[in-house]
Amino acid sequence: MCSADVSSRYILRIRRGGILRNRESRQAVGLKSEKSRSLTLMWSQRRVVDYGLAKRATVQSLRSGRATRRDVCDAHPYLLRAARYHGEPTQRRCPICEHQNVTHVTYVYGDQLGRAAGRVKATSDLVQMAREYPEFRVYVVEVCQGCAWNHLTVSFVLGTDGPPGDSETDRRIVER
């Protein structure tokens, strides 16, 4: 049974923008320190999903022998190419080979994006996109270019999507 004060505390954390507290999630969206400006503090970020537990389970299954390196180091050639030319380097070592740092590749998807849907975007571009589009989903994948490790790190939704009836399009529909 869940107590009311636990839910209230969690909701307050979300409202204050404190969803991404662990280091991996914060680095995935470009946050380097508590005081720096980033997407974590962005007003439109919502529906955040951190895949840290799934990553830990995958690494643990490899180390315990339940999975092989071939099972987990299976990045598609297009993903490796995107990491090489469009990815954002990090200071984190690959959890599998421990020789190279992983690279974050950020993909955006959404109905309103049109031709930009499914494209790789820089973290700095997301701030401008969040002001332009009503809603789109962002996926951050970490990739090791050495051993082809890849794992979805975090996903979240950005955009101007406000309450119904708040946008200019909704006002035009009501006027007709």
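Visitor: What makes two strands count as paired in this predicted model?

Guide: Two strands pair if DSSP finds at least two bridges between them. Strand 3 (residues 101-109) and strand 5 are joined by 7 bridges and run antiparallel, so with at least two as the requirement they count as a pair. Within this pairing, Val105 has Val141 of strand 5 as its bridge partner.

Visitor: How do you know that strand 5 also pairs with strand 6?

Guide: Strand 5 and strand 6 (residues 150-158) are linked over 8 bridges in the antiparallel sense, and because the definition asks for at least two, they pair as well. Here the bridge partner of Phe136 is Leu158 in strand 6. The hairpin of these strands has 6 residues between them, and Ala148 takes a positive phi near 70 degrees there.

Visitor: Why is strand 5 called largely enclosed?

Guide: A residue is buried when its relative accessible area is under 20%. In strand 5 (residues 136-143), 6 of the 8 residues are buried, so the strand is largely enclosed by the rest of the structure.

Visitor: What puts the buried residues of helix 5 on the same side?

Guide: The buried residues of helix 5 (residues 77-86) are Leu79, Leu80, Ala82 and Ala83. They cover an arc of only 160 degrees around the axis, and therefore lie on the same side of the helix. On the other side of helix 5, Tyr78, Arg84 and Tyr85 are exposed, a term that requires over 50% relative accessible area.

Visitor: What covers the buried residues of helix 5?

Guide: Their cover includes strand 3, strand 4 (119-120), strand 5 and strand 6.

Note on methods
Residues are numbered from 1 along each chain as its sequence is written. This is a predicted model: local features need pLDDT of at least 70, side-chain atom pairs count only at pLDDT 80 or more; totals for chains, interfaces and linings use all residues. Side-chain values use heavy atoms; hydrogens and water are left out. Buried means under 20% relative accessible area, exposed over 50%, partly exposed in between (1.4 Å probe, protein chains only). Helices (H or I, at least four residues) and strands (E, at least two) are DSSP runs, numbered from the N terminus. The arc is that of the directions from the helix axis to the C-beta atoms. Contact means heavy atoms within 4.5 Å.
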